[in-house]
Number of protein chains: 2
Amino acid sequence: MPDKANTARPDRRRYIHPINPLRLLLFGRPIATAHAELTRLRKLIALPVFASDAISSSAYATQEILLVLGAAGLWATHVHLYKALPLDITVAIVALLAIVVVSYWQTIYAYPSGGGSYIVSKQNLGASPGLVAGAALLIGYVVTVAVSIASGVQNILGTPALHALAEHQVGVGVALIVALCIANLRGLTETGAVFAVPTYLFVAVATLMIALGLLGPSVGHDLHLQNVNRTLPPGTYHTTDSVAGLALLALVLKAFATGCSAMTGTEAIANCVPEFREPKSSNAARTLVMMAVILSGLFLGITALAVKLGVVYGHHGHYTSPAVIDQLSSTVFGRGSVLYYVMQIATMMLLVFAANTSFAGFPRLAAILSRDRFVPRQLANQGDKLVFSNGIVLLSLAAIVLIIAFRGSVDRLIPLYAFGVFTAFTLSQAGMVRHWITKRGPRWVAKAAINGLGAVATAAVLLIVAVEKFTAGAWIVIVATVALVVMFRAIYRHYDFVRSRLSIGAGVPFRRPSTPDARPDRSPAPSAGGHRPNTVLVLVPSLHRGVYPALEYAMSISRDCRAIHIEIDPSEVPRLVREWEVNVGEEIPLVILPSPFRSFIGPLMGYLDQVQRERANHIVTVVLPEFVSTKWWHGFLHNANGPLVKYYLSQRPGVVIANVRYFLGEPDGEPSPGSV
Amino acid sequence: MPDKANTARPDRRRYIHPINPLRLLLFGRPIATAHAELTRLRKLIALPVFASDAISSSAYATQEILLVLGAAGLWATHVHLYKALPLDITVAIVALLAIVVVSYWQTIYAYPSGGGSYIVSKQNLGASPGLVAGAALLIGYVVTVAVSIASGVQNILGTPALHALAEHQVGVGVALIVALCIANLRGLTETGAVFAVPTYLFVAVATLMIALGLLGPSVGHDLHLQNVNRTLPPGTYHTTDSVAGLALLALVLKAFATGCSAMTGTEAIANCVPEFREPKSSNAARTLVMMAVILSGLFLGITALAVKLGVVYGHHGHYTSPAVIDQLSSTVFGRGSVLYYVMQIATMMLLVFAANTSFAGFPRLAAILSRDRFVPRQLANQGDKLVFSNGIVLLSLAAIVLIIAFRGSVDRLIPLYAFGVFTAFTLSQAGMVRHWITKRGPRWVAKAAINGLGAVATAAVLLIVAVEKFTAGAWIVIVATVALVVMFRAIYRHYDFVRSRLSIGAGVPFRRPSTPDARPDRSPAPSAGGHRPNTVLVLVPSLHRGVYPALEYAMSISRDCRAIHIEIDPSEVPRLVREWEVNVGEEIPLVILPSPFRSFIGPLMGYLDQVQRERANHIVTVVLPEFVSTKWWHGFLHNANGPLVKYYLSQRPGVVIANVRYFLGEPDGEPSPGSV
């Protein structure tokens, strides 16, 4: 028995998968299991990896609030409301974000092995809510990738230099997803640094813009509002319209719900605690707070600046406003200045890279579900770089399907967006309420109250999203969630069945049958050692040197060997029989099975039926002689019965298939010692 | 040894491929090899099967001649030429057809086992010309299917009732090819009757039309010519233009070359002599003559009628003439009459079914090439219905690719059409010239002269086609022909290499090694019978009941067994070692192979290297325990290492793979006797 290698730096060449240059180029050198700690993330890198999604939403959340309010014509009819509401709504969302973050802070410490909504819901509310949360989150991650990529592509292709590519938004989107997929298969530590650049750049420039804009003179004050008023035909909105009571409430709620898209991505950090360096929980919690502070600051700052400058966003007749970030940075930095371009480029890159947060969250959640046997086991396999490779590939494929199905359109994808995320939030926080009630502990009432408030608020947002976006696409997400939960349960039942059939109870040791079987059988020679006797059949399509090793092997494992020839072409049989008599003789009898309908499978199966009936206690080994040629395409040139025969044999209990190969390239088809 | 079944009607259930209802519905009951004679074709059925392609060309050959002459404006400038030339050209083509038919008549008797251009060229001119003829013919058959289907679809979708489908010509074409493919897999005898209907209907109605039109009063005389003259703006063609000398010769040659598309399909009968009933040669030759007589008669009649009625065909400005057959039948029968519609429908169906001639010719030629080892052997396999199934499927796939690549457009496909066919004609007739010169015999000079005349004439047509259509698509055919010939030769070399490696010379009998190997090795127990000792390795991912049959099997075939565990997850190893000690014990040692990079393949291959070095004279058997679940999709739920391990093992000389399966659905995973 070889010694177990346990050195600090094991010899790669001995242990890794046979490497090929493409694999090395795409994925880099593999990392040893023992070096897992090296792949853990420092906070500075973890922030852009896990928070780029959340932070990127500050680039569009304000805009979406202004869009809802603007579409109601508020900027024309009730300027005082239009200038007060956005900040009020932003403050409310930031407060909700604070509640959610506090909840997840508590969750990170309560579930340091990585949990998020699935674990919290499952442990506190039961399996079904847990699976619903898991399904909703998986879908949410996929949609996030599709939306981020689609919006990033829209921004990229919006630049004049790339207008020629505008038709190819699906192709460009797919290419970006493939690139993200490969980057993530290389591992987060190596890609983290790449993601850090645009995230920190965006944060820095946006902060500078907010500071300059808010502290500087009110130069551009109401410029944009006046601009739009000038462009629109007079009387588009009647100043006598009144917005009050329920209508105002509905409008505010709608703007609030839309602005809540800022909160997607919050889940990722709680789900990925094990990816952080020790002390994991503390580092993850601090990263979560950093993320929340940055997001809140940018979101509040951008909304305040937009209000100060009187920005209007929306489609007014044929006039479409520039993006809010565009309006703000061109006013503050001056259109065409270096900082304006830096801001634009950082925004675009951040939107594309925001998809990467899902690449961190999805595979980890899938691995947790896999560990609990709700999804296929392969999703828990770690690849060369200790990442969950199959989850990364699955996420990429699903996102590519979405991009293609919705033709890369952000407008069509958006309705799928918030539903999954807010389902997970609500279940997670309801679970935390139950957690405190069950576990109690110091100040449990206050903690439960905070989580309860969060659960009610996110449930309200969920309800608004579900009702308002139902026909636009939320129904797809609901159907997909239910389908996923049904699938999870079916997979679980299967694994449970397999485990029950395979498990070794205390009473089922492996017994070597030490007494020869007493049952009378017609085997000419009892096999050595008292084991079940072995009847060996060698399939012989024609007699050539490639058959010899198979015959030799058959004789080496049993004294009861026969050669079987299926008579597809009767005219070839006499020659075979003659050659057999001359070259092989009577040591191995040759059985000719007639096949009047030229089927290979039918006669073989019929003969096996007969053998297994006559020798019920025997193992039957079918030896398949194969020859291996020197080039892969040669396989197409030889009769393709092999796979079919193997398939039908593999469906028969009691039959062992042995493949004996003859290598055309080797002298005499045998290995020369040490030549391998 | 069971008796060879040789009854007149063998029991299907015992011998056929395990049948499923879909297979039965699509392809019908299989036919026994012994009943092959039943599938031979009567002449009445053989004619539509092999001649529908040739006969269908009478539906458009006249039209193409008129198109060439009309495009030159001849009907406006030189009415006397326009009324004389078509019949002259038709007579010339019919004369050429007669020469080709006489040549093939001689070929059918000279090569009764089926030959056509490939055999004739190969035997008389050498391998390379033979392969060129074979490649050209294969391509010609594929193009014929694509052109026939595309033109049939164009006709079908041209009817007002189906205008809605006009956008889907590619889809309809692909569907028709799939339908033809299935019909041919069912066998020619069963589909022949279907094809007979439109062929004979077309012949009958067209004959009636020609007779009525030529013998009746000249009612519609020059009606169409006058119509077109009225529609065109005056001065489109100047009546002072003169067509004379070389220009006239070029025009006539061009019209002649275009009209020669009438001759495609002539090859099929000579290629398929064995499909006919006895006496095969005589029946085939008579069918060939019947075909030639019908085609010549219809072609001459339709041209004569068109000339008599002054038909003009072509695109004149924005005006496109109706098809010539349409013009003729509407004039003779009256537009809207029952016979008019019968004529239209029979024409459409015939054009679609013309593709079927290729379905008879291509698979037979491919099988002949396969017998000579120039194409993969699978193309010589006969399916349930004694047809060359793989050839039929290959032809269908190639034609579908063409239809898709050329978007179902007849205009784009036509330039590919004649080149392959005329290459084959030329080579075949040149071969026949050589045949007579070599063989002599009665009246050999006359025979060689006839073939020589044919060779020169078809070579001239070939030259005209190649030059004129080169940029329009003939270059594709030329490139494809060369590529096919190169492929034929590579495949032949491979089969030759394999045969040389595998053949059993007089000096290579199968010797049972009767003396134990003298080489010292470390095997603990020499195996019984003096064979090469067998080292057996059982791969054990974890210990469960599914592993037990594999361990038992390993012990039954050798005393030198080891279990191998690849340590992907080190945390699971202690439990495995403990369970092994309790349940299996020391009978089979458990070897743990470290895998610091979580690769399954690397450590396994490294260990095999070591074993094969230490025991150079041993066979190494790797036993793979597998469990078989109850539903096919369960395969996705278990670790997918199996196929990868099998692939890498299959690349190693000296290693035998044995699959031992445990059936979850069976009690204790074993077969109950007779339960299969």
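**Note on chain A and its strand 3**

1. Chain A holds 26 helices and seven strands. The model is predicted.

2. Burial comes next. Of the 676 residues in chain A, 55% are buried. The accessible surface of the chain is about 28500 Å². Carbon and sulfur atoms account for 63% of that surface.

3. Now the contacts. Take those in chain A between residues at least 6 apart in sequence: 80% of them join residues at least 24 apart.

4. Strand 3 of chain A deserves a look. This strand spans residues 534–539 and is mostly covered. Six of its six residues are buried.

5. Which way do the residues of strand 3 point? Asn534(A), Val536(A) and Val538(A) point one way. Thr535(A), Leu537(A) and Leu539(A) point the other way. Residues on both sides are buried.

6. Strand 3 of chain A has strand 6 of chain A, residues 619–628, as one partner. Five bridges join the two, and they run parallel. Within this pairing, Val536(A) stands opposite Thr621(A) of strand 6.

7. Strand 4 of chain A, residues 560–567, is another partner of strand 3. Here too the strands run parallel, joined by five bridges. Val536(A) has Cys561(A) as its bridge partner in strand 4.

8. What do strand 3, helix 23 and strand 4 of chain A make? They make a β-α-β unit, and it is right-handed. Helix 23 covers residues 548–557.

Technical notes:
Residues numbered from 1 in each chain as written. Chains lettered and ligands numbered in written order. Predicted model: local features only at pLDDT ≥ 70, side-chain atom pairs only at ≥ 80, totals over all residues. Heavy atoms only, no water. Helix = DSSP H or I, 4+ residues; strand = E, 2+ residues; numbered from the N terminus. Buried < 20%, exposed > 50% of the residue type's maximum accessible area, 1.4 Å probe, protein only. Contact = heavy atoms within 4.5 Å. Areas by Shrake-Rupley, 256 points an atom, 1.4 Å probe, with all protein chains shown as cover. Pairing = 2+ DSSP bridges. Right-handed = clockwise from strand over helix to strand, strands pointing away.
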